[in-house]
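I wanted to get my bearings in a structure I had not opened before. These are my notes, in the order I looked things up.

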Amino acid sequence: MHKDRISRIVIRGPNWIGDAVMSEPAISAVRRLFPLAEITLLVKPSIADLFAHHPAIHHTLVYDDRGRHAGLSGKWTLARVLRRHGFDLAILLQNAFEAAVLTFLAGIPRRYGYATDGRALLLTDPVMAPPRHLHRHQVGYYWNLMKPFGAEGEPPAPALVVTRQEDLAIAARLADAGIAASDFLIGLNPGSTYGGAKRWMSDRYAEAVNRLGERYERGDRHMAVAILGAKGEEDLGRSIAARIRKKSVVCSGQTTVRELMALTKRCQLFLTNDTGPMHIAAAFDVPTVAVFGPTDWRTTAPFGGRFRVVRRDVACAPCLLRECPIDHRCMTGIQVDDVVEAARAHVEQPGSSTAGAASSQAPSEPPSLLNGVTVFLDRDGTLNQDTGYVKAPEELILFPGVAQALARLRQAGARLIVLTNQSGVGRGFFSLRDLEMIHARLRDLLAQEHVTLDAVYFCPHHPDDHCSCRKPRPGMVNQAVVDHQVDLSRSYLVGDQARDIELAHRAGIRSVLVMTGPAGPQAEKELQARGMAPDRIAASLAEAADWIFQDAVDARRVSPDLQLMPRD
């Protein structure tokens with residue numbers, strides 16, 4: 001495909017709010033990969049509202065399948081509209097057969113999407129879907145579709161936008177309900193339009209909020225609750241509000257999508273089932289406690305945001321059923337204590353690595369201490385044992401304490417990006433598919449401690465290729481700057497080899513040499529001889545994280561009103 005010849009693109013987006021949020025990194029990638037093209041989003045009305053004002057989208061076509069586009073005649077009408085726009089390329093993020101039929105009837109010359117739902121013959125560029133047994137996160141599922149266009153590495157976290165006017169309108173609405181801007185606002189999303197099986201018990205939600213209220217009601221700071229939900233969930237919201245002993249406002253069924261976004265963004269904590277608003281909260285980086293029952297947390301948990309999953313490991317889950325045919329044990333087994341302690345650990349102890357673990361220690365670092373800070377991480381010898389070449393997923397073994405150290409950084413607001421040379425691909429020792437599975441294992445191991453990576457960039461080239469991305473060349477850092485708007489003046493690089501520290505020097509990033517890999521001592525001598533000493537030498541990643549926290553404060557890389565709390 002000659003990308004410079006593509007001037008008009010239509011993206012068929014997902015139908016559900018949660019799926020649409022998880023597709024956002026892929027949609028933004030289209031804008032970066034086709035910078036000269038005009039991009040139109042074809043979606044249902046609620047998704048059109050979700051992406052209003054999004055910088056990646058030039059135009060939106062609303063697919064009104066309950067109105068003018070209903071039935072066979074409505075589909076012909078929509079196909080004619082698409083034909084009139086003269087699109088060069090259709091990217092189908094939605095998997096349905098219908099999406100391929102519409103773009104085929106519209107005569108769009110290039111039709112690109114996963115070969116699902118029996119539609120391969122209708123696509124000019126069908127893509128094989130990844131195997132289900134890999135449990136790939138849905139964000140990665142959409143992102144994978146962008147790789148043939150040139151997307152590299154792992155997907156960034158989804159991000160949404162609301163306008164200043166929308167923020168002010170929600171603030172005024174809350175003020176009318178007696179909720180001040182200074183109040184600690186908990187968002188509560190107890191419903192689920194998918195079905196009752198995804199709902200945790202309403203009385204337990206109410207009790208969890210009451211117990212949290214007792215903890216956060218301090219001095220002039222009051223706690224308040226905003227109860228969210230879809231149309232038809234108003235009675236559920238009112239029944240919970242009647243049990244809550246703090247100020248509350250029931251917004252169930254009373255917000256537009258845009259109002260829901262602004263209201264969710266305003267929250268300091270979000271308690272939720274596995275629903276679309278859960279993903280909206282994560283996209284606004286709101287600390288989120290997500291209760292999972294019949295659905296698969298490995299594929300649809302919040303991505304990239306500050307979240308904790310609370311679940312019970314029962315043999316029948318995930319079943320993906322709308323209603324439980326037995327005793328709903330995946331949800332009834334989750335106690336109020338589980339959610340309360342997860343919320344407390346999330347808000348008060350960003351370094352805690354186990355959701356729901358109670359603790360009496362004082363908080364370590366404020367949750368927003370490292371907002372805007374990026375920590376670049378080498379892989380082999382820094383995160384996991386360096387065996388020469390990690391050729392298979394089972395060979396990747398994390399060092400002790402790595403996941404906990406990353407949890408502290410993540411929960412304090414830091415962005416985590418892995419940069420790794422993988423010349424084993426270029427040398428033929430393992431394939432790109434093998435590497436993808438290795439990185440899937442890395443993410444799974446970290447997910448067990450509720451850690452997500454913002455991206456994994458790798459250089460697959462042979463050293464003799466003299467590419468621009470192999471460390472210490474700055475290609476991967478440069479790409480991360482573009483993809484994630486990284487501020488290098490507020491960034492750190494942690495690695496175990498001389499080339500990691502040299503890369504940091506080239507990019508103007510503060511650096512930490514960890515002595516966990518076999519190359520550490522030799523790298524220290526080499527860097528000293530070259531006058532390229534790291535800013536810090538640490539025995540482990542945990543020690544490196546300690547120094548990053550302190551250095552961020554000392555160097556005023558954090559907000560001046562945030563101070564590091566003493567650690568026990």
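**Entry 1: ground rules and cores**

Buried means under 20% relative accessible area, exposed means over 50%, and partly exposed is in between, with a 1.4 Å probe and protein chains only. I am working on a predicted model, where local features need pLDDT of at least 70, side-chain atom pairs count only at pLDDT 80 or more, and totals for chains, interfaces and linings use all residues. Residues are numbered from 1 along each chain as its sequence is written, and side-chain values use heavy atoms, with hydrogens and water left out.

The largest nonpolar core has 61 residues. Ile 9, Ile 11, Phe 34, Leu 50, Ile 91, Met 146 and Ile 280 have the most contacts inside it. For the labels, helices (H or I, at least four residues) and strands (E, at least two) are DSSP runs, numbered from the N terminus. Apart from this core lies another, of 39 residues, and Phe 399, Ala 407, Val 418 and Phe 549 are among them.

What does Ile 280 touch, leaving out residues up to four places away in sequence? I found Ile 17, Val 21, Leu 50, Leu 160, Leu 260, Met 261 and Thr 264. Contact here means heavy atoms within 4.5 Å.

Next I looked at how helix α9 (residues 257-266) packs on helix α10 (residues 276-283): the angle is about 55° and the axes are 9 Å apart. Axes are lines fitted to C-alpha atoms, for helices over the stretch in contact, and angles run from 0 to 180 degrees between N-to-C directions. So α9 is oblique to α10. Under 35 degrees counts as roughly parallel, over 145 as roughly antiparallel, 65 to 115 as roughly perpendicular, and the rest as oblique.

From α9 come Leu 260, Met 261 and Thr 264, which meet Pro 277, Ile 280 and Ala 281 in α10. The classes are Ala, Val, Leu, Ile, Met, Phe, Trp, Tyr, Cys and Pro as nonpolar, Asp, Glu, Lys and Arg as charged, and the others, Gly among them, as polar.

**Entry 2: α9 has another partner**

The axes of helix α6 (residues 164-176) and α9 come within 9 Å and cross at roughly 75°. That makes α6 roughly perpendicular to α9. On the α6 side I listed Glu 166, Asp 167, Ile 170, Arg 173 and Leu 174. On the α9 side are Arg 258, Glu 259, Ala 262, Leu 263, Lys 265 and Arg 266. This contact of α6 with α9 has four nonpolar, no polar and seven charged residues.

**Entry 3: α14**

Is helix α14 (residues 402-411) mostly covered or mostly open? Mostly covered: nine of its ten residues are buried. Ala 407, which I had noted in the 39-residue core, is one of the buried residues in α14. Just after α14, Gly 413 takes a positive phi of about 105°.

**Entry 4: Phe 458**

Phe 458 sits in strand β15 (residues 455-459). It counts as partly exposed because its relative accessibility is 24%. Leaving aside neighbours within four places in sequence, Phe 458 is in contact with Thr 420, Gln 422, Leu 432, Leu 435, His 439 and Met 476. Phe 458 and Ala 172 are 47 Å apart in space, C-alpha to C-alpha, and 286 residues apart in sequence.

Most residues other than glycine have a negative phi, and most peptide bonds are trans. I went looking for exceptions.

- A cis peptide bond joins Ala 317 and Pro 318, with omega about 0°; Pro 318 is in the loop between β12 (307-310) and α12 (329-332).
- Another cis bond joins Lys 471 and Pro 472, with omega about 15°.
- Asp 117 is not a glycine, yet has a positive phi of about 60°; Asp 117 is exposed, with a relative accessible area of 52%.
- Gln 485 has a positive phi near 50° and counts as exposed at 60% relative accessibility.

Methods
Core = buried A, V, L, I, M, F, W, Y, C linked by side-chain atoms within 4.5 Å.
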